[in-house]
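Me: I am new to this structure and would like a close look at one part of it. Please go on from there to what else stands out.

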Amino acid sequence: MKIRGPFSADRPKRRDVAFRQGLLHVAAILTLLLTVACSDPLQPETDETVDAPAEFTVPVPGLEISLVEPGAEPRQTLAPDLSEGDSHSTVVTVRSELFQQLGDDPESDFGLPPVTLPLDTEVEAADGSELSVALTLGRPESPDRVVNAALAAAEGSRAGMTIRADGSVSELRISPSPESDDIARSAVEQALFQAVYGMIAFPQEPVGEGAKWTIDQPIESQMEIVQRTTVTVREMSGTTLLLDLAVEQRPRLPYLDVPGEGRVAVDEFTGEGTGSLTVDLERPLPIEGGFEMYGTQQYSDPDTGYVVRQRTSMATEWDSP
């Protein structure tokens, strides 16, 4: 079947530009960037001004946890142990990179600058099956001069998470400060969403040191991507755990549908990473550590051979002041 649109030899230039922008936007979401910005700089400009919502909720797809090895005795059932009113401070730093080559064009850098978010957390509700955790942003920072200047207005922004009994996050709520512009909103939302996908969920079975389990979680996008995290317990001391992580992303399907443009073959898709986290069951967020992921992707039109190549990376780091 011939794809109509940008891969055709007689395609209009306007459709070619629209397709390239659309593919970049889709690919950035479905790979390692996990962007949920309320405003996208790749979208065409219009004369209309759209007010950003005061608060919006991002549902997080459910996951599957499979115990591989229970580990040594003594064993215990791991789960968040939080009470209403508990408060803590955590700092998360995220980095996302995307290098993309369209056809024979030179490779372009569409990465996002690192962003550091100081987060004050407070447990608003704890009913046993779910936890509601409020987050308040301190002064976010970035080494990028433009982004850092914009982030000053994001201080005091609010967010929230609903955490299941197994430690997984079911939804993320974001309330940007009214003074935040599009740059600040995009940077904060990207950082928070990336952090959520770094949270650790626990199996129902009791485990000890050396235990291993897998977490399979879909990433919502125009192409189905599954992220598998393999967790190994290196050390256990009271409520504190030192966990080693191995992360892999893979597509469910060998093609990508670009809305309004056609179907693109997925020739190559890799996404792998490693890291370690220190987790305290009495705190809602990791207290130390992080992980990095790297990947390569290639998409093509089966009829014309037009190729889009990507190199991606992502890093998330946690610290407690």
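In which strand is the place of Thr162?

Reply: Thr162 sits in strand β7, residues 158-164. Strands here are DSSP runs of E of at least two residues, helices are runs of H or I of at least four, and both are numbered from the N terminus. This is a predicted model, in which local features need pLDDT of at least 70 and side-chain atom pairs need 80 or more, while totals for chains, interfaces and linings use all residues. Residues are numbered from 1 along each chain as its sequence is written, and side-chain values use heavy atoms, without hydrogens or water.

Thr162 has 9% relative accessibility, so it counts as buried. Buried means under 20% relative accessible area, exposed over 50%, and partly exposed in between, with a 1.4 Å probe and protein chains only. The Thr162 side chain makes a polar contact with the side chain of Arg173, at 2.8 Å. A polar contact is a pair of N or O atoms within 3.5 Å; within protein, one must be able to donate a hydrogen and the other to accept it, and residues adjacent in sequence count only through two side-chain atoms. Setting aside neighbours within four places in sequence, Thr162 is in contact (heavy atoms within 4.5 Å) with Glu130, Leu131, Ser168, Val169, Ser170, Glu171 and Arg173.

Now the whole chain. It has 3 helices and 15 strands. Of its 321 residues, 47% count as buried. Among contacts between residues at least 6 apart in sequence, 65% join residues at least 24 apart.

Helix α3 covers residues 182-196. Of its 15 residues, 13 are buried, so α3 is largely enclosed by the rest of the structure. At its start, a side-chain oxygen of Asp181 comes to within 3.2 Å of the backbone nitrogen of Ile183.

Next, the cavities. A cavity is a set of points on a 1 Å grid over the protein atoms alone where a 1.4 Å probe fits but cannot get out; lining residues have an atom within 4 Å of a point. There are 4 cavities of 30 Å³ or more.

Definitions and conventions: The expected span of a helix is 1.5 Å times one less than its number of residues. On a 1 Å grid over the protein atoms alone, a cavity is a set of points where a 1.4 Å probe fits but cannot get out, and a pocket is an open set with protein on both sides within 12 Å along at least five of seven lines; lining residues have an atom within 4 Å of a point. Grid points are joined across faces, edges and corners, and a volume is the space filled by probe spheres set on the points.
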